[in-house]
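Biologist: Please put the model on the screen. I would like to go through its charged pairs and then its domains.

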Amino acid sequence: MSLLEKYAKLAVRVGVNVQKGQTLLINVKAEHYEFARMLVKEAYAAGAKKVVVKYGDDIIGKEHAVHQDFETFTHVPKWVVAEYDDYLSQDLCRLSVYAPSPGLMADVDGTKLAAQAKAQGEALKAMREYTMANRGQWSLISLPTPEWATVVFPELPVAQAYEKLLSAILYASRVSEDGDPVVAWNEHNAVLAHQNQVLNDFNFKSLHFTNAKGTDIVVGLVNDHIWAGGEETSEGGHKFNPNMPTEESFTMPDRLNVNGRVYSTKPLNYNGKLIDEFWLDFKDGKVVDFDAKQEKETLEQLLNTDEGSRHIGEIALISHKSPISDLNILFYNTLFDENASCHMALGRAYPMNIKGGTEMSAEELLAHNSNDSINHEDFMFGSEDMKIVGLTHDGKEIAVFDQGNFVI
Ligand code: ZN
Ligand code: ZN
């Protein structure tokens, strides 16, 4: 079995964990058609009733963005919504093979891109809700493209850059020549489950983050929050891994109880634009001031998408010492970079991060201070000197992180 076949098997069996009789929807880049064939083969071997493959291409996407007028570009046809509704009427699971194109859209009108993202986000709301509430299993993995690889390793010839990025991805995903990645993931999931348990037992009221860069922020956690990370369980009772790789423990912040300033430590790739070296000031959970050395306008567009885009929906802890951060590569891909560093997300929260959340209505979630938005944009703010102090409900202060790493 080749390394890529091992990777495909891992994605289908452990990532999305396709069950007999399920429909699997795969989103993949056109250039990854050979890998897509491996996934389809493996999915049918796992008992899938039907596998749907949707190919995408960022270069064509850019042509659309440049040449279509505003109205055409932001229009979501009714049949697209109907198509997704049809998928949702089945016992559906989803697998996305993602490859970013950092900076590809740098010279494209940002308001047009933001309007299209918003229109699509609103039209396909039911699918987003299905995924974020874990109604069915879903998983996100990555494969390199030459364009992405040359952004990550600009000093290398393209073929070498591609190979180097592929090995880094496979290493971070625990796929190796000699080992069995399925076994490696079972062990890894057990470690993450233990870490979540320790955090859940403390049941912190808030977390205070400080570092030398200037971050000084207190993030309140909702009552009855749940720390999660690694393996999750779908509504149908099937285990799956939403992100491969993953190193994080994450939970639900209180959307109205975040105060202070946070400095980013890695660029944020949003709509093909790189927002870099930014800070956000929070007051009572809302971003009230901000600045960025690069793409400040794009950051502003992100924050102004809707009300929930100025509040956070996720807070995640990752030790500075982890396999991904040890690679010391800036991937320009949130799936990897977020696992090298503590992060938070502007926008929607995951309902499963609060007790009973997946059964709550949108209004009930909001009433529990869970954030809602069409966005969920993670950005990294962890650092090698990050200090985190947890405050318990009975007023005790507990050191959670020292010098960038877990100490509990
Ligand atoms: Zn996260
Ligand atoms: Zn996130």
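Biologist: Which residue does the side chain of E277 meet in a salt bridge?

Modeller: This is a predicted model, in which local features need pLDDT of at least 70 and side-chain atom pairs count only at pLDDT 80 or more, while totals for chains, interfaces and linings use all residues. Residues are numbered from 1 along each chain as its sequence is written, chains are lettered from A and ligands numbered from 1 in the order in which they are written, and side-chain values use heavy atoms, with hydrogens and water left out. A salt bridge here is a side-chain nitrogen of Lys or Arg within 4 Å of a carboxyl oxygen of Asp or Glu. At 3.4 Å, N to O, the partner of E277 is K293.

Biologist: Is K293 buried or exposed?

Modeller: Buried means under 20% relative accessible area, exposed over 50%, and partly exposed in between (1.4 Å probe, protein chains only). K293 has 71% relative accessibility, so K293 counts as exposed.

Biologist: How far apart are the closest N and O atoms of E42 and R13?

Modeller: E42 counts as buried because its relative accessibility is 15%, and R13, at 33%, counts as partly exposed. The two form a salt bridge, with the closest N and O atoms separated by 2.8 Å.

Biologist: How much area do domain 1 and domain 2 bury between them?

Modeller: The assignment, automatic or from a database, gives domain 1 as 3-142 and domain 2 as 201-406. Buried area is the accessible area (1.4 Å probe) that two parts lose on being put together, summed over both. Carbon and sulfur atoms carry 57% of it, and the total is about 2,800 Å².

Biologist: Which three residues supply 23% of the area that domain 1 buries against domain 2?

Modeller: Contact means heavy atoms within 4.5 Å, and 37 residues of domain 1 are in contact with 31 residues of domain 2. The share of 23% is more than any other three residues supply, and it comes from M132, N134 and R135.

Biologist: Which residue meets R135 in a salt bridge at 2.7 Å?

Modeller: Across the interface of domain 1 and domain 2 the rule finds one salt bridge. R135 counts as partly exposed because its relative accessibility is 23%. The side chain that meets R135 at 2.7 Å, N to O, is that of E235.

Biologist: What is the relative accessible area of L95?

Modeller: L95 has contacts beyond its neighbours within four places in sequence, including A11, L24 and S139. L95 is buried, because its relative accessible area is 0%.
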